[in-house]
Amino acid sequence: MDLELVGKVAAVVGGSGGIGAAVARVLAEEGCDVALTYRDSTEGAERAAADVRARGRRAWALPLDLARPESVHAAADALADAAGALDVLILNAGQNIVTPFDRITVEEWQHVLQVNLSGVFFTLQALAPRIRDGGCVVTVASVAAATGAPHHMHYAAAKAGLVNLTKSMARELAPRIRVNCVAPGITLTPMGRQAIDNLADDYADTSLLLRRFATPERMAQLIAVVASPVAEYMTGATVDMNSGRHLR
């Protein structure tokens with residue numbers, strides 16, 4: 001797409017599969033070296049790293065568990081040792097648990113907010129000093145941040161917080177670093193397919209204007225555009241791509 005990213009260094013937090021792995025591939029195709037993090041899926045992370053190397057770029061796969069603050073700082077140090085300063089940071093990691101309202105425990109509520117909001121903040125806090133002037137951060141929220149979600153309201157609440165955190169960090173880090181958010185609708189990833197399994201069979205036809213779900217590749221291309229110098233005058237924004245599920 002010629003996004004002016006050749007020679008840049010990117011980190012994708014949550015890059016072992018789904019949207020994150022697709023983002024790593026797109027960034028590599030655009031000329032970036034890519035460090036990607038994973039929680040459990042070593043195999044997925046190594047496969048994603050191999051995809052980056054197959055496109056002629058350097059790649060690193062590093063463990064990072066957003067639920068454990070000590071893991072965040074260890075990963076930030078390891079990333080700096082491996083890749084050096086960053087130009088692009090994609091904060092894609094997240095976890096959705098589908099649980100009815102009256103069955104959400106204190107532990108589950110705290111865990112989901114830790115992974116999807118608190119952990120993202122502390123990762124950004126650790127890595128922002130390692131981003132070069134003119135760099136960009138992209139957080140990945142969800143259409144649920146705007147619409148709510150009755151069977152995973154902790155996830156929706158955390159993603160709504162992430163949208164506002166993006167605005168706050170854009171103000172904090174300007175003019176040195178841009179911070180924007182992409183809010184996907186349901187995407188055909190393992191987590192997205194889990195959500196689809198809990199929807200009515202005709203959900204796409206009745207609730208989505210475009211009557212189809214997104215692919216990880218298309219979502220990754222949008223994220224890469226937002227992260228690139230092509231969007232150099234955008235900061236503090238949230239970009240929706242949800243097949244018309246929610247219109248602002």
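This is a predicted model: local features need pLDDT of at least 70, side-chain atom pairs count only at pLDDT 80 or more; totals for chains, interfaces and linings use all residues.

Trainee: What makes the pair T99 and E108 a polar contact?

Mentor: Their side chains are joined at 2.7 Å. A polar contact is a pair of N or O atoms within 3.5 Å; within protein, one must be able to donate a hydrogen and the other to accept it, and residues adjacent in sequence count only if both atoms are side-chain atoms. Residues are numbered from 1 along each chain as its sequence is written, and side-chain values use heavy atoms, with hydrogens and water left out.

Trainee: Why is T99 called buried?

Mentor: Its relative accessibility is 10%. Buried means under 20% relative accessible area, exposed over 50%, partly exposed in between (1.4 Å probe, protein chains only). Therefore T99 counts as buried.

Trainee: Which residues is T99 in contact with, leaving aside neighbours within four places in sequence?

Mentor: I104, E108, H151 and H152. Contact means heavy atoms within 4.5 Å.

Trainee: What makes E29 and R55 a salt bridge?

Mentor: Their closest N and O atoms are 3.0 Å apart. A salt bridge is a side-chain nitrogen of Lys or Arg within 4 Å of a carboxyl oxygen of Asp or Glu. So the pair qualifies. The whole structure has twelve salt bridges.

Trainee: Why is E29 called exposed, and R55 partly exposed?

Mentor: E29 has 52% relative accessibility, so E29 counts as exposed. R55 has 34%, so R55 counts as partly exposed.

Trainee: Which residues touch the most other members of the largest nonpolar core?

Mentor: V23, L27, I90, V138 and I223, out of 37 residues. A nonpolar core is a set of buried Ala, Val, Leu, Ile, Met, Phe, Trp, Tyr and Cys residues joined through side-chain atoms within 4.5 Å. I90 is in contact with V23, L27, V138 and I223, among others.
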